Amino acid sequence: MKELKKKLEEKKKLQEIQQIASVGYIEGDIILIEELKEIPSLNLTRVKHFVLFLCTKGEFKLALNGSAITLRKNELMLCRPNVIIDNYSMSPDAEERCIVLSTKYADQLLSSVRGCWDKALYINKNPISALEEDEVELFCRYFELMRLRISKNQHIYRNEVIRSLLQAFLYDASDAMSCFLPAENKITTSSDYVFRTFIQLIERTIPKNRTVNYYSTLLNVTPKHLSSVCKETSGKTTSEWIQMYAIEEIKSFLHSSDKSIKEIAYELNFPNLSFFGRYVKKYLGVGPKDYRASKQL
């Protein structure tokens, strides 16, 4: 029943977007948005999809997981699933192109892109990239081709054509992004698959599970092996990755939710309020109540 309710809510949100924006839409997989008007539902929203957002004119302001961001002309913002968007606004002259992909669909497309996880990790810390004029033009051409094909409902190979265009676009986007990555971050070891899958599992787990055993069991490897892979591939231990994602989730809840601290602790699977308070203070320096108060100033 809860799952059905969530799907109905998401469908309603998509319908709202369709009513006030120029949209190309393939059920469950792709949304293309241009000439986006200010959408109230974007505020305090946990984005459950991959989002590629290109500003072609003016500027857009928003908070991404509590951090203020300004997106200007020729800047591309990439959002991975489960980020929270808040305080969204745009300048009167703002124009954009936006591609939204379901997590499942994006994973299928990205599975053939070499070294995609290192770019994904870079995006987590650097969601905005400045593009060259020719790169912006290429993005817009791909966007227009996809938009035109999505509108051709009678085309018997419509979905296949869209998928091929998206795959080609992702190859070009990956190539353009490579220049931003430090050489030492480009990992090509046999541990790539295990580590990438581990990161994907953390991102999709809501609320975040905070034990190494949980993820090692899902990956069918020992906790020791998983820790070794994480350290070798990224320089961080499994526990450090788990803690980093868990803290980001806690910060998002404290900043964006109107639930009580006790309710948040329960929703994030902490055994009790006292344990939650100690955990937050250990990693954020202050208790949950003080952290929430500091963000409301």
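Two strands count as paired if DSSP finds at least two bridges between them, and the legends that follow apply this rule to a predicted model.

View 1. The model is a prediction, and its chain holds 12 helices and 10 strands. Of the 297 residues in the chain, 45% are buried. Among the contacts in the chain with a separation of 6 or more, 69% are made by residues 24 or more positions apart. The accessible surface of the chain amounts to about 16,500 Å², and carbon and sulfur atoms contribute 52% of that surface.

**View 2. Strand β5 between its partners β6 and β8.** Six bridges connect strand β5 (residues 59-64) with strand β6 (residues 67-72), and the two strands pair in the antiparallel sense. The two strands form a hairpin with two residues between them, and in the turn Asn 65 has a positive phi of about 55°. β5 is also joined to strand β8 (residues 83-90), again in an antiparallel arrangement, by four bridges.

View 3. Strand β9 (residues 95-101) is mostly covered, with five of its seven residues buried. Strand β2 (residues 30-34) runs antiparallel to β9 and is joined to it by five bridges, and within this pairing Ile 31 stands opposite Val 100 of β9. Strand β4 (residues 50-57) likewise pairs with β9 in the antiparallel sense, here over seven bridges, and Leu 54 has Arg 97 in β9 as its bridge partner.

View 4. A pair of aromatic rings is described by the distance of the centres and the angle of the planes. With ring centres required to lie within 6.5 Å of each other, the count for the model comes to 13 aromatic pairs.

View 5. Helix α6 (residues 192-204) comprises 13 residues and reaches 18 Å from its first C-alpha to its last, close to the 18 Å expected at 1.5 Å a residue. The helix is largely enclosed by the rest of the structure, because 10 of its 13 residues are buried. Among the buried residues of α6 are Phe 195 and Phe 198, together with others including Asp 192, Arg 196 and Glu 203. Ring pairs link Phe 195 and Phe 198 with Tyr 214, Tyr 215, Trp 241 and Tyr 245 into a cluster.

View 6. Arg 210 lies over the face of Tyr 279, at 5.8 Å from the ring centre. Gly 235 is found in the loop that lies between α8 (223-234) and α9 (238-256). Its relative accessibility is 40%, so Gly 235 counts as partly exposed. When residues up to four places away in sequence are not counted, Gly 235 touches Cys 230 and Glu 240.

How values were computed
Residues are numbered from 1 along each chain as its sequence is written. This is a predicted model: local features need pLDDT of at least 70, side-chain atom pairs count only at pLDDT 80 or more; totals for chains, interfaces and linings use all residues. Side-chain values use heavy atoms; hydrogens and water are left out. Rings of Phe, Tyr and Trp (its six-membered ring) pair if their centres lie within 6.5 Å; planes under 30 degrees apart count as stacked, over 60 as edge-to-face and the rest as tilted. A charge sits over a ring if NZ of Lys or CZ of Arg is within 6 Å of the ring centre and within 35 degrees of the ring normal. Buried means under 20% relative accessible area, exposed over 50%, partly exposed in between (1.4 Å probe, protein chains only). Contact means heavy atoms within 4.5 Å. Accessible areas come from the Shrake-Rupley method with a 1.4 Å probe; for residues, only the protein chains shown count as cover. The expected span of a helix is 1.5 Å times one less than its number of residues.
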